[in-house]
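Here's a quick walk through a protein model, written for someone who likes to know the cut-offs behind each word. Have a look at the structure first, then read on.

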Amino acid sequence: MREMKRGTRIVDEEEGRRMLKIGDVSKRSGIGIEALRFYEKSGLLDKPSRTYSGYRVYGEDVLERLAFIKQAQALGFSLDEIRQIVDDARKGQSPCDEVREIVRHRMEELDARLRELHRHRKELKATLEEWDKVGRAPGHICGLIESSEVGQACHPKAEGLKRGKRRH
């Protein structure tokens with residue numbers, strides 16, 4: 001028998017058979033085994049009990065925790081934010097105020113991003129209308145793109161690629 005980590009609850013084989021093994025948890029939750037191990041290491045899940053032979057075994061409550069994690073992710077919470085929320089709940093503190101603040105801040109970020117996307121869309125629309133009038137334009141690769149004045153700052157992936165004209 002290998003040595004168990006301190007603080008790990010050991011269950012006998014009979015109790016272990018009544019609990020869920022990691023494969024069972026994975027099938028029932030739809031979350032992969034590696035993700036479950038990651039959640040355990042990162043503190044999102046409590047340390048599972050172990051059988052004498054070393055198998056991880058979980059109570060049914062792990063499925064509720066995993067459903068909570070999936071729901072929080074669907075709402076846009078990062079794993080670090082979820083971990084903090086879970087830690088607060090473990091300490092007996094209600095994380096609801098913090099959750100509201102996170103979502104309020106996220107909404108402000110989304111509003112700013114939507115304004116930027118809307119501005120970018122207007123620029124692209126005007127550019128396309130101009131290109132439709134021009135038809136084809138001579139250039140090294142594509143004169144339409146090369147002569148475009150749409151600001152590169154509109155697209156995060158293009159940041160730093162072009163140092164020519166920029167319109168903000």
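A crossing of two helices is called right-handed if the near helix is turned clockwise from the far one by less than a right angle, and left-handed if anticlockwise. By that convention, H2 and H4 cross in a right-handed way.

Before going further, some ground rules. This is a predicted model, where local features need pLDDT of at least 70, side-chain atom pairs count only at pLDDT 80 or more, and totals for chains, interfaces and linings use all residues. Residues are numbered from 1 along each chain as its sequence is written, and side-chain values use heavy atoms, with hydrogens and water left out.

**Overall layout**

The protein has seven helices and four strands. Helices here are DSSP runs of H or I with at least four residues, strands are E runs of at least two, and both are numbered from the N terminus. Reading from the N terminus, the order is β-α-β-α-α-β-β-α-α-α-α. Take the contacts (heavy atoms within 4.5 Å) with a sequence separation of 6 or more: 53% of them are between residues 24 or more positions apart.

**The sheet**

The four strands form an open sheet in the order S1-S3-S4-S2, with mixed pairing. S1 (10–11) and S2 (20–21) sit at the edges with a single partner strand each, so one side of each has no neighbour in the sheet. Strands count as paired if DSSP finds at least two bridges between them. S3 (residues 49–51) and S4 (residues 56–58) run antiparallel and are joined by two bridges. Within this part of the sheet, Ser49 is opposite Val57 of S4.

**The core**

Which residues have the most contacts inside the largest nonpolar core? They are Val25 and Leu66, in a core of 19 residues. A nonpolar core is a set of buried Ala, Val, Leu, Ile, Met, Phe, Trp, Tyr and Cys residues joined through side-chain atoms within 4.5 Å. Two or more core residues come from each of H2 (22–29), H3 (33–41), H4 (61–74) and H5 (79–90). H4 gives the largest share, five residues. Once neighbours within four places in sequence are set aside, Leu66 touches Val25, Ser29, Ile31, Leu36, Tyr39 and Leu45.

**Helix packing**

Two packed helices are described by the angle between their axes and the distance between the axes. Axes are lines fitted to C-alpha atoms, for helices over the stretch in contact, and angles run from 0 to 180 degrees between N-to-C directions.

| Pair | Angle | Axis distance |
|---|---|---|
| H2 and H4 | roughly 45° | within 10 Å |
| H4 and H5 | about 135° | 10 Å |
| H5 and H6 (residues 96–134) | about 160° | 11 Å |

The angle words have cut-offs too: under 35 degrees is roughly parallel, over 145 roughly antiparallel, 65 to 115 roughly perpendicular, and the rest oblique. That makes H5 roughly antiparallel to H6, whereas H2 and H4 are oblique to each other, and H4 and H5 are oblique as well. H4 passes H5 in a right-handed crossing, and the crossing of H5 and H6 is right-handed too.

On to the side chains at these interfaces. Val25, Arg28 and Ser29 of H2 meet Val62, Leu63, Leu66 and Lys70 of H4. H4 also meets H5: Arg65, Phe68, Ile69, Ala72 and Gln73 are the H4 residues, and Leu79, Ile82, Ile85, Val86 and Arg90 are those of H5. Between H5 and H6, the contact involves Glu81, Gln84, Ile85 and Asp88 on H5, with Glu98, Val99, Ile102 and Arg106 on H6.

**Two aspartates**

Asp24 lies in H2 and counts as partly exposed at 33% relative accessibility.

Asp132 is in H6. Is Asp132 buried or exposed? At 59% relative accessibility, Asp132 counts as exposed. Asp132 and Leu144 are 12 residues apart in sequence, and their C-alpha atoms are 10.0 Å apart.

Notes
Buried < 20%, exposed > 50% of the residue type's maximum accessible area, 1.4 Å probe, protein only.
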